[in-house]
Amino acid sequence: METKDILQKVRKIEIKTRRLSDHIFSGEYHTSFKGKGMSFAEVRQYQYGDDIRAIDWNVTARYSEPYVKVFEEERELTLMLMIDVSGSQDFGSTNDFKRDIVTEIAATLAFSATTNNDKIGLILFSDQIELFIPPKKGKSHILRIIRELINFQPKSNQTNIGQAFEYLSKVMKKKAIVFVLSDFMTKDYDRILRIAAKRHDVTGIKVYDKREQDLNNVGYVLMQDAETNEAQYVNTSDANVRKAYREHYQELEDYFTTTFTRSGAGVIKTATDDSYVKKLLAYFKAR
């Protein structure tokens with residue numbers, strides 16, 4: 001993309017996702033994710049119904065009437081976006097590729113987080129760590145993240161989610177809110193996910209295309225693996241071929257759901273032609 005085209009696309013995504021986060025998600029995000037604890041806010045006069053354990057005895061003795069300490073929730077959190085940029089993200093049978101929907105969801109979450117004065121960081125991964133942007137606050141920081149999501153060119157087309165979680169554990173020592181956006185067309189990340197989910201608040205967002213679930217019966221088709229670039233002719237008229245394809249997809253789907261659920265992590269699934277807005281709202285409200 002030319003720089004002008006990138007900036008136009010960034011602006012378009014900003015307008016759409018900022019509106020969603022400002023009017024829909026920011027309040028839901030705030031109530032769904034808790035801060036690190038309680039911090040002292042002020043001392044005020046005792047009121048009927050106050051917890052007597054909150055009485056500040058030093059101030060009470062000074063003024064000869066009861067005063068209580070008031071605490072408020074520490075809101076500052078860190079949101080980490082872990083984004084799959086492997087070759088399979090560049091697929092879509094509708095108006096949008098999976099990569100486009102992932103970018104919009106990530107931007108919406110980032111603007112929701114910044115409304116609550118949280119830091120936002122980014123990890124782009126394939127079967128290696130492609131890019132790490134440390135957590136930071138501010139609109140310009142979010143716009144940089146959106147630019148990377150739109151225009152980043154990964155070195156590899158393949159996927160290794162387990163390696164991405166291992167990297168997360170190295171760079172994020174304190175608890176963070178972690179959203180992993182991928183099609184999760186791979187396995188072997190259950191052990192490291194369990195470790196990450198014990199420290200962080202993890203949610204997996206599976207973005208998929210409905211055409212990936214089944215093969216249409218259209219005869220012989222030349223198909224290419226987006227991650228390995230291997231190509232071969234497939235007889236989609238063969239019922240056994242279609243069955244094996246569907247069973248393979250379902251196996252990966254079940255692995256994703258079971259692995260995340262057992263680890264205590266959250267699960268969201270949205271197709272490229274679904275309303276991810278409804279999916280995110282339902283998830284936040286369920287928390």
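Predicted model: local features only at pLDDT ≥ 70, side-chain atom pairs only at ≥ 80, totals over all residues.
Colleague: How many helices and strands are in the protein?
Modeller: The protein has 8 helices and 10 strands. These are DSSP runs numbered from the N terminus, with helices (H or I) of at least four residues and strands (E) of at least two.

Colleague: What box do the C-alpha atoms fill?
Modeller: Roughly 90 × 45 × 35 Å, taken along the principal axes.

Colleague: How much of the protein is buried?
Modeller: Buried residues are 45% of the 287 residues. Buried means under 20% relative accessible area, exposed is over 50%, and partly exposed is in between (1.4 Å probe, protein chains only).

Colleague: On to packing. At what angle do H3 and H4 pack?
Modeller: Helix H3 (residues 98–115) and helix H4 (residues 139–151) pack at about 170°, with axes 10 Å apart. That makes H3 roughly antiparallel to H4. Axes are lines fitted to C-alpha atoms, for helices over the stretch in contact, and angles run from 0 to 180 degrees between N-to-C directions. Under 35 degrees counts as roughly parallel, over 145 as roughly antiparallel, 65 to 115 as roughly perpendicular, and the rest as oblique.

Colleague: Which residues make that contact?
Modeller: On H3 they include Ala-106, Ala-110 and Phe-111, and on H4 they include Ile-142, Ile-146 and Leu-149. Contact means heavy atoms within 4.5 Å. By class, the residues of the H3 and H4 contact are 9 nonpolar, 2 polar and 1 charged. Ala, Val, Leu, Ile, Met, Phe, Trp, Tyr, Cys and Pro count as nonpolar, Asp, Glu, Lys and Arg as charged, and the others, Gly among them, as polar.

Colleague: And how do H3 and H8 cross?
Modeller: The axes of H3 and helix H8 (residues 276–286) come within 11 Å and cross at roughly 45°. That makes H3 oblique to H8. In this contact, Ile-101, Glu-104, Ile-105, Thr-108 and Leu-109 of H3 meet Tyr-276, Leu-280 and Phe-284 of H8. The classes here are 6 nonpolar, 1 polar and 1 charged.

Colleague: Is Glu-104 buried or exposed?
Modeller: Glu-104 is buried, with a relative accessible area of 13%. Leaving out residues up to four places away in sequence, Glu-104 touches Lys-16, Thr-17 and Tyr-276.

Colleague: Different topic. How many aromatic pairs are there?
Modeller: The structure holds 9. Rings of Phe, Tyr and Trp (its six-membered ring) pair if their centres lie within 6.5 Å; planes under 30 degrees apart are stacked, over 60 edge-to-face, and the rest tilted. One of the pairs is Phe-132 with Tyr-167, edge-to-face at 5.7 Å centre to centre and 75° between the planes. Phe-132 is in strand E5 (residues 129–136) and Tyr-167 in helix H5 (residues 161–171), 35 residues apart.

Colleague: Which rings form a cluster?
Modeller: Ring pairs link Phe-184, Tyr-189, Tyr-255, Phe-256 and Phe-260. Phe-256 lies in helix H7 (residues 239–262) and is buried, with a relative accessible area of 0%.

Terms used. Residues numbered from 1 in each chain as written. Heavy atoms only, no water.
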